[in-house]
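Have the viewer open and follow along.

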Amino acid sequence: MASAATPQPSPPSPKAVRVVVKGRVQGVFFRDWTVETARALGLAGWVRNRRDGTVEALLSGDPARVDEMVSRHLPVGPRAAAVTAVLPSPADPVDPAEGFTRKPTA
């Protein structure tokens, strides 16, 4: 009697959020740190400075990794940063093949 193959769970649907990070987040290598951290987590998206002094990022990928970036990493940031708020909002996922990049100031 042949046993039925155990179905493999499908990977979770990608999640994406757009975040605005407030505080002392410009001039402290926040963008480079974000690129490095997001890539280490396997996320796609981008990060950029904004003219109002905040940093904006789009984080896309495995929902648990996106949540980890938003709740554990961004509130701390690099050593010289002083984050006062991380404001996430839903976004459309991006193609993982795009990787994670740094964009010009907007």
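In what order do the five strands of the open sheet lie? The order is β4-β1-β3-β2-β5, with mixed pairing; strands here are DSSP runs of E, at least two residues, helices are runs of H or I, at least four, both numbered from the N terminus, and two strands pair if DSSP finds at least two bridges between them. On the edges sit β4 (82-90) and β5 (100-102), each pairing on one side only.

A quick word on what you're looking at: this is a predicted model, where local features need pLDDT of at least 70, side-chain atom pairs count only at pLDDT 80 or more, and totals for chains, interfaces and linings use all residues. Residues are numbered from 1 along each chain as its sequence is written, and side-chain values use heavy atoms, leaving out hydrogens and water.

Start with β1 (residues 15-24), which runs antiparallel to β3 (residues 55-61) and is joined to it by seven bridges. Look for Val 21 there, opposite Val 55 in β3.

Now hop over to β2. Six of its six residues are buried, so the strand is largely enclosed by the rest of the structure; buried means under 20% relative accessible area, exposed over 50%, partly exposed in between, with a 1.4 Å probe and protein chains only. Ala 44, Trp 46 and Arg 48 are buried on one side, and Gly 45, Val 47 and Asn 49 on the other.

β2 also has two partners. With β3, six bridges make an antiparallel pair, and the two form a hairpin with five residues between them, where Gly 53 in the turn has a positive phi of about 95°. With β5, three bridges make a parallel pair. Val 47 shows both: Ala 57 stands opposite in β3, while Arg 102 is its bridge partner in β5.
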